[in-house]
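Dear colleague,

Please find below the structure that I am handing over to you, with its sequence.

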Amino acid sequence: MIPRIDAQALAAGEAAAVEATREGAHEIGFLTVYNTALTAAEVEAALDAYRGFFKLPEGLKQAVNMDRTKSNRGWGAQGSEQVDPNANPDYKQVFDCGYELPTGHRLAAQNLKVYAPNQWPEGMPSFRRRISDYYEKSLVVAKALLGDIIASVGGERAHFDDAFSAPMALLRGNYYPERPAWATEKDFGIATHTDYGCLTLLATDGSPGLEVRKRGGGWIPVSAPPGEFVINFGEMIEMWTGKAVRATPHRVVGGDAERLSIPLFFNPNYDTNVAPAGSDEVILAGDHLTKRFNETYVHLQDD
């Protein structure tokens with residue numbers, strides 16, 4: 001059973017919420033949360049914006065195709081990602097935007113792909129405004145939740161607080177069409193994978209499709225209506241916390257109806273050392289994330 005957490009109760013340190021969060025983070029690797037600062041109306045507005053973008057003619061979307069910049073900013077067509085090398089490329093579409101470094105920032109001179117400029121479709125100012133607003137609010141929610149989750153597993157919140165001043169935080173709109181007639185056992189909306197970074201804050205349209213792998217085998221379906229969120233954790237936070245927080249494989253097989261989701265992949269500054277606390281290792285967050293992106297995005301593999 002995936003715990004359902006009242007975010008305000010967790011923030012207040014209520015024992016039942018803290019213990020359920022600890023179980024979800026350490027034992028299962030997934031939670032659902034409600035009562036955050038992001039409202040159902042704000043999620044619905046962002047879903048509507050992405051839905052309108054994905055319904056555009058392909059020629060208009062090609063103008064912001066992410067393979068033009070060799071980064072993960074803009075539109076990704078069906079087949080642009082392959083999260084499992086033993087499966088076919090995923091049959092979803094995506095639109096990615098992320099954190100842009102301010103002028104003069106200490107990391108700006110390195111021209112890092114994880115901070116690439118965003119690509120926005122021309123003639124759609126409301127789309128840019130709506131998604132940008134959602135992005136800014138989701139950063140605040142994700143940081144607060146991460147601190148509370150770290151505290152629930154016995155970690156020191158302050159150890160993580162300073163690591164997100166220039167977060168490698170990527171907001172994505174996912175569009176999963178109904179499962180194609182040609183799909184085989186190697187075709188997925190997104191194949192089995194673990195996320196790469198720290199915390200994923202996932203909003204959905206409420207449709208089923210996401211499945212979480214059980215520790216002993218088999219799959220657990222998980223969904224959340226707009227205004228509630230699925231939380232899961234990536235490889236980076238598992239390393240960083242010495243496995244106090246777990247990254248769990250999951251997938252979207254696809255079904256008889258289309259599905260929209262909005263994950264925020266919340267990750268620390270590029271030069272954050274995410275090796276386990278107290279170890280002598282140095283594992284830069286940006287190096288880990290860049291390696292995993294290069295393995296996943298088809299246009300970066302080609303590059």
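In these notes a residue is called buried when its relative accessible area is under 20%, exposed when it is over 50%, and partly exposed in between (1.4 Å probe, protein chains only). The model is predicted, so local features need a pLDDT of at least 70 and side-chain atom pairs count only at pLDDT 80 or more, while totals for chains, interfaces and linings use all residues. Residues are numbered from 1 along each chain as its sequence is written, and side-chain values use heavy atoms, with hydrogens and water left out.

Salt bridges

Side chains of opposite charge can pair when their charged atoms come close. The criterion for a salt bridge is a side-chain nitrogen of Lys or Arg within 4 Å of a carboxyl oxygen of Asp or Glu. A search of the whole structure with this criterion returns 17 salt bridges.

One of them joins E42 and K137, with 2.5 Å between the closest N and O atoms. Because E42 belongs to helix α3 (residues 40-54) and K137 to helix α5, this pair ties together parts that are 95 residues apart in sequence. Helices (H or I, at least four residues) and strands (E, at least two) are DSSP runs, numbered from the N terminus. Both partners are partly exposed: E42 has a relative accessible area of 23%, and K137 has 40%.

A salt bridge also links R251 to E211, where the closest N and O atoms are 2.7 Å apart. R251 is in strand β11 (residues 250-252) and E211 in strand β8 (residues 210-213), so the pair ties together parts that are 40 residues apart in sequence. R251 is buried at 17% relative accessibility, whereas E211 is partly exposed at 21%.

For the salt bridge between R246 and E238, the closest N and O atoms are 3.9 Å apart. Here R246 is partly exposed, with a relative accessible area of 28%, and E238 is buried at 19%.

There is also a network of salt bridges, which links E81, D90, K92, D96 and R172.

Helix α5 and backbone angles

Helix α5 covers residues 125-152, and its 28 residues should span 40 Å at 1.5 Å a residue; the end C-alpha atoms are 41 Å apart, which agrees. The expected span is taken as 1.5 Å times one less than the number of residues in the helix. After α5 comes G154, with a positive phi near 90 degrees.

Most residues other than glycine have a negative phi. N35 is not a glycine, yet its phi is positive, at about 65 degrees. N35 sits in the loop between β2 (30-34) and α3 and is partly exposed at 38% relative accessibility. N111, also not a glycine, has a positive phi of about 55 degrees. Its place is in the loop between β4 (93-98) and α5, and N111 is exposed, at 68% relative accessibility.

Cysteines

How many disulfides are there, taking a disulfide as a pair of cysteine sulfur atoms within 2.5 Å? The count is zero. The cysteine sulfur closest to that of C97 is in C198, 19 Å away, which is too far for a bond. Both residues are buried, C97 at 2% relative accessibility and C198 at 1%.

With kind regards

How values were computed:
A disulfide is a pair of cysteine sulfur atoms within 2.5 Å.
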